[in-house]
Amino acid sequence: MQALEHSLKDTATRQNDYTVPNFQNPTGVTLSLSRRQELIEIANDYDVIVLEDTPYRHIRFSGDPLPTLKSIDTQWRIIHLGSFFKILVPGLRVGWAVADPDLLEQMGLLKVAADTQTSTQDMAAASLFLERCDLDTHIAGLRLAYRRKEDVMLTAIR
Ligand SMILES: Cc1ncc(COP(=O)(O)O)c(C=O)c1O
């Protein structure tokens, strides 16, 4: 947080921030609650937007889940991104964003400029899955499956 604050002090080079706060790849590091709160305060103080990228958030093997940055955002500065790639189908390239409506609109325009839009068929498949299945139950099963894989991998390494 100190390094981040230091980098934001210079208005000429100040930039918005990107973070993977849960199980960052490859270190696996997760931002503690106090650091999350500190990050929100820094974003408010330095008037920057923070992109919270959370594709691994649901695959937690132990301990209690931490609140998303978005849920403790006090000034609509957090853009929260989620993805179905670890919890539904790898490579599906369908996810979600939670942000200030004005920012969402601008993100939509950037998306159109980048690739027109995400595959309609893939979005429909994700939507159908959400309608017909209980996502929390599905994720609980996935956690067990990933956990077993972790055990096998650690045993093989040891
Ligand atoms: C940190 C992070 N964010 C986003 C993505 C991409 O997600 P999606 O497949 O939904 O585009 C990945 C994929 O590997 C990732 O590691």
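## Helix α3 and its residue L109

L109 has its place in helix α3, which covers residues 101–115. Helices here are DSSP runs of H or I with at least four residues, strands are DSSP runs of E with at least two, and both are numbered from the N terminus. L109 is exposed because 9 other C-beta atoms lie within 10 Å. L109 and T155 are 46 residues apart in sequence. In space, the distance between L109 and T155 is 48 Å, C-alpha to C-alpha.

## The model and the numbering

This is a predicted model, in which local features need pLDDT of at least 70, side-chain atom pairs count only at pLDDT 80 or more, and totals for chains, interfaces and linings use all residues. Residues are numbered from 1 along each chain as its sequence is written.

## The whole chain

How many helices and strands does the protein chain have? There are five helices and four strands. Starting at the N terminus, the order of elements is α-β-α-β-β-β-α-α-α. Along the principal axes, the C-alpha atoms fill a box of roughly 50 × 45 × 25 Å.

The protein chain has 158 residues, and 12% of them are buried. Now take contacts between residues at least 6 apart in sequence: 71% of them join residues at least 24 apart. A contact here means that two C-beta atoms, placed from the backbone, lie within 7 Å.

## The sheet

Four strands build an open sheet in the order β1-β2-β3-β4, with mixed pairing. The edges are β1 (17–19) and β4 (95–98), and each of these pairs on one side only. Neighbouring strands are turned by 15° against each other on average, direction ignored. For such angles, axes are lines fitted to C-alpha atoms, for helices over the stretch in contact, and angles run from 0 to 180 degrees between N-to-C directions. Two strands count as paired if DSSP finds at least two bridges between them.

Strand β2 (residues 50–53) pairs with β3 (residues 78–83) in the parallel sense over four bridges. Here E52 has H80 of β3 as its bridge partner.

Y18 has L51 of β2 as its bridge partner. From β1 the chain passes through helix α2 (residues 33–46) to β2, a right-handed β-α-β crossover. Right-handed means that, with the strands pointing away from the viewer, the path from the first strand over the helix to the second runs clockwise.

## Around the ligand

Which residues surround the ligand? They are V20, N25, D53, P55, S83, F85, R93 and G95. A residue is near a molecule or strand if its C-beta atom, placed from the backbone, lies within 6 Å of it. The shell divides into three nonpolar, three polar and two charged residues. Ala, Val, Leu, Ile, Met, Phe, Trp, Tyr, Cys and Pro count as nonpolar, Asp, Glu, Lys and Arg as charged, and the others, Gly among them, as polar.

## Backbone details in the loops

Most residues other than glycine have a negative phi, and most peptide bonds are trans. A cis peptide bond joins N25 and P26, with omega about 15°. P26 sits in the loop between β1 and α2.

F23 lies in the loop between β1 and α2. Its phi is near 50°, a positive value in a residue other than glycine. F23 is partly exposed because 18 other C-beta atoms lie within 10 Å.

D47 belongs to the loop between α2 and β2. Phi of D47 is positive, near 55°. Why is D47 exposed? D47 has 12 other C-beta atoms within 10 Å, so D47 counts as exposed. D47 and L66 are 19 residues apart in sequence and 24 Å apart in space, C-alpha to C-alpha.

Conventions: A residue is buried if 20 or more other C-beta atoms lie within 10 Å of its own, exposed if 12 or fewer, and partly exposed in between; C-beta atoms are placed from the backbone.
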